[in-house]
Amino acid sequence: MSIKTKDPLVAKLLIDEAKRQSSTINLIASENYTPKEVLEVLGSVFTNKYAEGYPGKRYYPGNTIVDKLEQLAITRACKLFGAEHANVQALSGGPANLIIYQALLKPGDTIMSLKLSHGGHLSHGHNVNISGQSYKIVFYEIDPVTGQLNMKKIAKLAKDCHPQLIIAGFSAYSRAIDWPAFGKIAKSVKAKLLADISHTGGLIAGQALPSPFPYADVVMTTTHKSLRGPRGAIILCKHALANAIDKATFPGFQGGPHMNNIAGIAVALQIASGRKFKTYAKNCIKNAKALSEGLQKFNYKIISDGTDTHLLVIDLAESGWSGKEAEERLEKVGITVSRSTIPNDMRSPLNPSGIRLGTLAMTTRGLTPAGAKQIAGVIAATLNKKSNLTVIKKQVAKFCLKYPIK
Ligand SMILES: *Cc1c(COP(=O)(O)O)cnc(C)c1O
């Protein structure tokens, strides 16, 4: 018997959500659609298994098969990213960062990271997050003139504050990262370098963006953003740190790994190592550039004047819209974007001055640069106060039919 007869309430929500996803232009930069084969293993018997420990060293019996599964995921992760060691157990990106801090730092050590409101992540030391309460945090910022990182200023800050850990890799920064420069800065102050490629892991695996190897000591990526897998994270490092990372994960931070997610990660990694995935990674960036240029034609101001990645942030400060108002109005016509702070935002984080847009999800649905330009036009029309939203909503629904979720 299926969920339809056993639990019609949840079944209805499932159908409603599938409909919502297929009839929405999804520009939320951190979202993607995971393929059917990943969904298949996510909803499988692997979810029943307790496997505290690591392959060959478990605290429960019955792990011969999941040992092979986890080892397969590890081998695929190392091969795809060119890493010596991979841990695939972290439950998501935020927990993975806390695990990495536990492996590398003592409480009270100094972390240097990009400020949240400039494009960083909560788990990089924001004061509402445990990372900000357990370590001393020094934030670097985006250069107000270029909208980009200023490596000279970052180098100077590192010399002044002597961090034990420097974090590069962001949530709302649209430019390629100069990994050799970050590596050099970290070395010069004897800090470790964490490359948090949560957003761009898939684009780096697909060779569309430069890799943080060999400059970073530890690399972390989520598996559900550009890697198009299940929710989860992978921590990659050299042999020398392998034991510290594994111990900090289990027993340091978590209990049993989610073996069904690890199965999904293994499948996603296999797909990401294929030729088609390289094309996907390149197309995400092409589409983001087209979207950015399309919006600039309608006089929208893009932070840093464009993008090298799959995402961009629109500065709405002079547009008459707050980020929240724009997000809500776009949702009314079936376009999802997320409100975002902009560097030196004059408004509050709950109602900031920007919106963040990304192309990972729509590129999975087959978006082309021409389609991305069309989306720019629909966004501009929606944010015109005189527009008829009912008409636009119909256009969006029609557009979505051309880009089915497969
Ligand atoms: C998304 C993201 C994370 C956290 O991922 P979750 O899976 O949501 O916990 C961490 N760091 C960066 C830079 C991110 O963009």
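How much space lies in the largest cavity? About 150 Å³ lies there, and a search of the whole structure finds two cavities of 30 Å³ or more. This is a predicted model, in which local features need pLDDT of at least 70 and side-chain atom pairs count only at pLDDT 80 or more, while totals for chains, interfaces and linings use all residues. Residues are numbered from 1 along each chain as its sequence is written, and side-chain values use heavy atoms, with hydrogens and water left out.

**Largest cavity**

- A cavity is a set of points, on a 1 Å grid over the protein atoms alone, where a 1.4 Å probe fits but cannot get out, and lining residues have an atom within 4 Å of a point.
- Its volume is the space filled by probe spheres set on the points, which are joined across faces, edges and corners.
- The lining of the largest cavity has 18 residues, and Arg-175, Ile-177, Thr-200, Leu-209 and Thr-309 lie nearest the centre.
- By class, this lining holds 10 nonpolar, six polar and two charged residues (Ala, Val, Leu, Ile, Met, Phe, Trp, Tyr, Cys and Pro are nonpolar, Asp, Glu, Lys and Arg charged, the others, Gly among them, polar).
- The largest cavity lies between domain 1 (39–272) and domain 2 (282–402), because both give residues to its lining; the bounds come from an automatic or database domain assignment.

**Second largest cavity**

- The second largest cavity holds about 100 Å³ of space.
- It is lined by 14 residues, with His-118, Ala-172, Tyr-173, Ile-303 and Val-313 the closest to its centre.
- Seven of the lining residues are nonpolar, seven are polar and none is charged.
- Domain 1 and domain 2 each supply at least three residues to this lining.

**Annotated binding site**

- An unreviewed UniProt entry lists Leu-116, Gly-120, His-121 and Leu-122 under "binding site"; positions follow the numbering used here, feature names are shortened, and annotations may be inferred rather than shown by experiment.
- From this set, Leu-116, Gly-120, His-121 and Leu-122 are in the lining of the second largest pocket (a pocket is an open set with protein on both sides within 12 Å along at least five of seven lines).
- Gly-120 is buried at 5% relative accessibility, whereas Leu-122 is partly exposed at 36% (buried is under 20% relative accessible area, exposed over 50%, partly exposed in between, with a 1.4 Å probe and protein chains only).
- Leaving aside neighbours within four places in sequence, Gly-120 is in contact (heavy atoms within 4.5 Å) with Leu-114, Lys-115 and Ser-171.
- With residues up to four places away in sequence not counted, Leu-122 touches Leu-116, Val-128, Asn-129 and Ser-131.
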